[in-house]
Amino acid sequence: MTMEFTDRVTRVEPSATLAISALATELENEGVDVVDLSVGEPDFPTPENVIQAGKDAMDAGHTGYTTSAGILELREAIADKLADDGLEHDPEEIIVTPGAKQALYEVVSALIQDGDEVVLLDPAWVSYEAMVKMAGGDLTRVDLSDSDFRLEPALDDLAAAVSDQTDLLIVNSPSNPTGAVYSDAALEGVRDLAVEHDVTVISDEIYKEITYGLEPTSLGTLEGMEDRTITVNGFSKAYSMTGWRLGYFAGPEELIDQTGKLHSHSVSSAVNFVQHAGIEALENTDTAVDQMVQAFRERRDLVVDLLSEHDVDVAVPDGAFYMMLPVDEDDQEWCEGALEDAHVATVPGSAFGTPGYARISYAASEERLREGIERLVEEGYL
């Protein structure tokens, strides 16, 4: 039997980040020592008090379904967190999801249909493109590589890309894969374009708590953006809870009504006891988060210094735990060779819409980061 598959699936490529990670795992299973700088996952354990909260919730019997949008106590805690960021959302304007990726998928699916235009800022996280394509949308991309991945110098390019035909703009600050934190002036430029052309904006703030000396602005706090911004965040990165799968989005009530249909008919709800652990993460982990952020900052500085010793200049990230490494040849070939020859896993920049770069994740110990850079040098990749 030959199965026929839909265009919305066949037009999408598998996740490049997960593909590289799978190849690295395959080598490791063969006994190869791989320095994995490809994965977007903190290397710290989930804070012990969060783990205990999850256990306590299970012991208390919180193992059944919850209301589809999430338990009220968590949505209230999220609303308080958003208020601290300057965003005013009632719990009824929030949906809790199994990971921020699911939140993005639901929002894109609810807003985009065949032929709708979505604008991305490149380099852009790999799954944005896939989600838009699966919804039937078309992509317009704005390249930020010539401005060291900063948005402010590229506002004219963004203005040329956004028009009355634009249906959605996705902004990710701090950015994966660059670590760039967009300035207030850049976000005000986004606001001006969104208002002028009546464009809805997704503000992906999954790395908002991981910044180095900068306090990122939530796009929805700007005048004129409250009713046209959907704010997405989650627990994976700041609280080292990737495997717990917990995220959320907040937006206008009409969006919540429509996305709620998709949410309830697909995932039903996020896991009950995980939601209780999420409350603990929001309310009682400031010290643990600060310690992780400080470690990431030290690692960032280490990698920048190590690369500088070999005359490799990079745009220094102000947030997240990634940086873009310029490579001289085909980036796909470079990354495959680096993995096969140096046993160092990175992700090709072309996966993010920006050829000629490789993404490095410095969510690894200083020892492994040193080892990774040394191997790349020894094998002639730096």
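Me: Why does Arg-228 count as buried?
Reply: Arg-228 has 16% relative accessibility, and buried means under 20% relative accessible area, with exposed over 50% and partly exposed in between (1.4 Å probe, protein chains only), so Arg-228 counts as buried. The model is predicted, so local features need pLDDT of at least 70 and side-chain atom pairs count only at pLDDT 80 or more, while totals for chains, interfaces and linings use all residues. Residues are numbered from 1 along each chain as its sequence is written, and side-chain values use heavy atoms, with hydrogens and water left out.

Me: What makes the pair of Asp-198 and Arg-228 a salt bridge?
Reply: The closest N and O atoms of Asp-198 and Arg-228 are 3.2 Å apart, and a salt bridge is a side-chain nitrogen of Lys or Arg within 4 Å of a carboxyl oxygen of Asp or Glu, so the pair qualifies. This pair links distant parts of the chain, 30 residues apart, with Asp-198 in the loop between helix H8 (184–197) and strand S6 (200–204) and Arg-228 in the loop between S6 and strand S7 (229–234). Asp-198, with a relative accessible area of 59%, is exposed.

Me: How do you know that the salt bridge between Arg-368 and Asp-33 ties together parts of the chain?
Reply: The closest N and O atoms of Arg-368 and Asp-33 are 2.8 Å apart. Arg-368 lies in helix H13 (residues 366–378), whereas Asp-33 lies in the loop between helix H2 (16–29) and strand S1 (35–36), so the pair joins parts that are 335 residues apart in sequence; here helices (H or I, at least four residues) and strands (E, at least two) are DSSP runs, numbered from the N terminus. Arg-368, at 25% relative accessible area, is partly exposed, and Asp-33, at 41%, is partly exposed.

Me: Why do Asp-85 and Lys-81 count as buried?
Reply: Asp-85 has a relative accessibility of 19% and therefore counts as buried, and Lys-81, at 12%, counts as buried too. Their side chains meet in a salt bridge, 2.6 Å from N to O.

Me: What makes Glu-106 a buried residue without a salt bridge?
Reply: The nearest side chain of opposite charge to Glu-106 is Arg-245, 11 Å away, where Lys and Arg count as positive and Asp and Glu as negative, His and the chain ends not being counted. Glu-106 has its place in helix H5 (residues 100–111).
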